[in-house]
Amino acid sequence: MNLHTKQIAAMSVALTLLLSMIGCTGSSPQATKNEEEKQIKKTQQLAIKDIQQDQRIVSNEAQQLVSQPMPSQQFSRHKMAQPMNIMPIPHPTPTTSEKYQQLDENGVKQVSNAPLSTFSIDVDTGSYANVRRFIDQGQLPPKGAVRVEEMLNYFDYHQLAPQNNTQPFSVNTELMTAPWNSDRQLLKIGLKGYDVPKDQLGNANLVFLLDVSGSMNSARKLPLLKQSLKMLTKQLDADDRVSIVVYAGAAGMVLKPTPGNEYSTISNALNKLSAGGSTNGAQGIELAYNLASENFIKDGINRVILATDGDFNVGLNNVEQLKEFVKQKRKQGIALTTLGFGQGNYNDHLMEQIADVGNGNYAYIDNINEARKVLVDELSSTLNTIAHDVKIQVEFNPNLVSEYRLIGYENRALANEDFNNDKVDAGEIGAGHQVTALYELTLNNAQQSTVDTLKYQTPQISTNSSLSEIAQIKLRYKLPNQQQSKLISQVVNKDQLNTSPSQHFKFASAVAAFSQSLRGTKYLKDYSIDDMIILAQENKGQDNFGYRSEFIQMLRSAKDLETQLTTTKDLSSSVQIIN
């Protein structure tokens, strides 16, 4: 009830009392008049007290509004209302100590200046699951958490696989107009590894290195970790071996090498684990590798599987020493897979780094379905490496291409001279694994280039093929246990532009667009999330496990989050304040 309403109510009470007293019988006129005056005076005093109380409330509300401004439409009619500028709300970042590598997006390069593009392949998928975790919790991810290549490689694009293992993987290429810029073309380079059935993987020597420090005391950390590894061990047999090493304040072996078919023994050892204490990751890794070395299986799978939230309580120098230690162990044939869990103190950067130097792969497990995807459905590619030190070098033809931009792979760039140097480490491909890379191209007949044409650099046409070939793709790789690389070379012909792109290529372009938008790219022009949703829906295709449908739902959720941010910014810009 506002101030004006209470005044009217008080007056109504006084009038009602007056009328009632006038109508009373059995009292003298003088007595009646005296009583009326007393009642009216009392009523007036009560009304004055109410009015004074309301004045105090209004004064307090005004003071609160100074410190807590509200939208102007609620106060614009107040005589004291004056405009006040509010700073825009920035892109949300997690209020945590999570660690991500900050990388600048690859820029546009002129073919006349830099015709070669060289990078190491990457098969990690951790970024996708981590981004999904942020969006599921109602928050856009920090830019550093988004790696386009890991978002792309999360999906199966049904690329043609090699028929046998004489050449461990095939090379597939496609060309199409970029959905976000009709004046640009997209080149897709897809690698598909030779698929080895699970029953032909060979014997495995697996050491589970598990973080049981206090930071793992969360439902999405240690309990999910246990469930995930139980799913993996159910697929092992008597010729496989599993050991378990844990680390917190100190490291120790909680399960000696045990046959893989002894599921109950392994499961019981996992069940007994509990979280507590500080983190000494370096000590645990050393013990795990020593155990793997002692039980090494020649021509088998020898791998340490590190499962943690990445919260290593070690300094930078120790991290570098840790990476060097892992690098030396990979030369002995022991690989490292990292599985990330949890949030709040998650160290994404470290998890990716040590997996890279350990000739392994990195995945983020945010739920039990992701554990099944990585450790059951994709077990062969997770554990069995069929080619290592895989590098790609693309040479663009200046007679047809004026500019190019590699989308993603910022932390996988190699110097051009490193391509032929077999001492330079690169990425690994697992059995049945696929790798996808996208380039955005500006052809010479494009209406507008990003960079002006150079005056003194004229392309030299040397052969007739220079008029039909857009690029030459070269790949180098080493077979397991070999130190000398092999070479594959393949040409991208401009006739591919006349071929209708596959649904898989179009869906991949939607994933690439969304990933770039999350990083705040400047290359998508006015291409919106609504456009991405339509593109992904129209090209979802066969979706046996529902991953593509889930991606479309993630797009919708991201759109809602962006809409909320825009609405909040609009409201904050129109706030007014009472002086």
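**Exercise 1.** In strand 10, which residue is the bridge partner of leucine 210?

*Solution.* Keep in mind as you work that this is a predicted model.
- Start with the strands: strand 7 covers residues 204–211, and strand 10 covers residues 301–308.
- Next, check their direction: the two pair in the parallel sense, over 7 bridges.
- Now look across from leucine 210, and you will find alanine 307 as its bridge partner in strand 10.

**Exercise 2.** Find the other neighbour of strand 7, strand 8, and trace how the chain gets there.

*Solution.* 
- Strand 8 (residues 241–247) runs parallel to strand 7 and is joined to it by 7 bridges.
- For a landmark, take aspartate 211, whose bridge partner in strand 8 is tyrosine 247.
- Then follow the chain from strand 7 through helix 5 (residues 222–233) to strand 8: this β-α-β crossover is right-handed.

**Exercise 3.** Which members of the largest nonpolar core touch the most other members?

*Solution.* 
- This core has 73 residues, and the ones to pick out are Leu191, Leu210, Leu339, Phe396 and Tyr439.
- Zoom in on leucine 339: beyond its neighbours within four places in sequence, its contacts include Leu229, Ile305, Ala307, Met351 and Val374.
- Finally, a second, separate core holds 40 residues, among them Phe505, Val511, Ala512 and Ala513.

Notes: Residues numbered from 1 in each chain as written. Predicted model: local features only at pLDDT ≥ 70, side-chain atom pairs only at ≥ 80, totals over all residues. Heavy atoms only, no water. Buried < 20%, exposed > 50% of the residue type's maximum accessible area, 1.4 Å probe, protein only. Helix = DSSP H or I, 4+ residues; strand = E, 2+ residues; numbered from the N terminus. Pairing = 2+ DSSP bridges. Right-handed = clockwise from strand over helix to strand, strands pointing away. Core = buried A, V, L, I, M, F, W, Y, C linked by side-chain atoms within 4.5 Å. Contact = heavy atoms within 4.5 Å.
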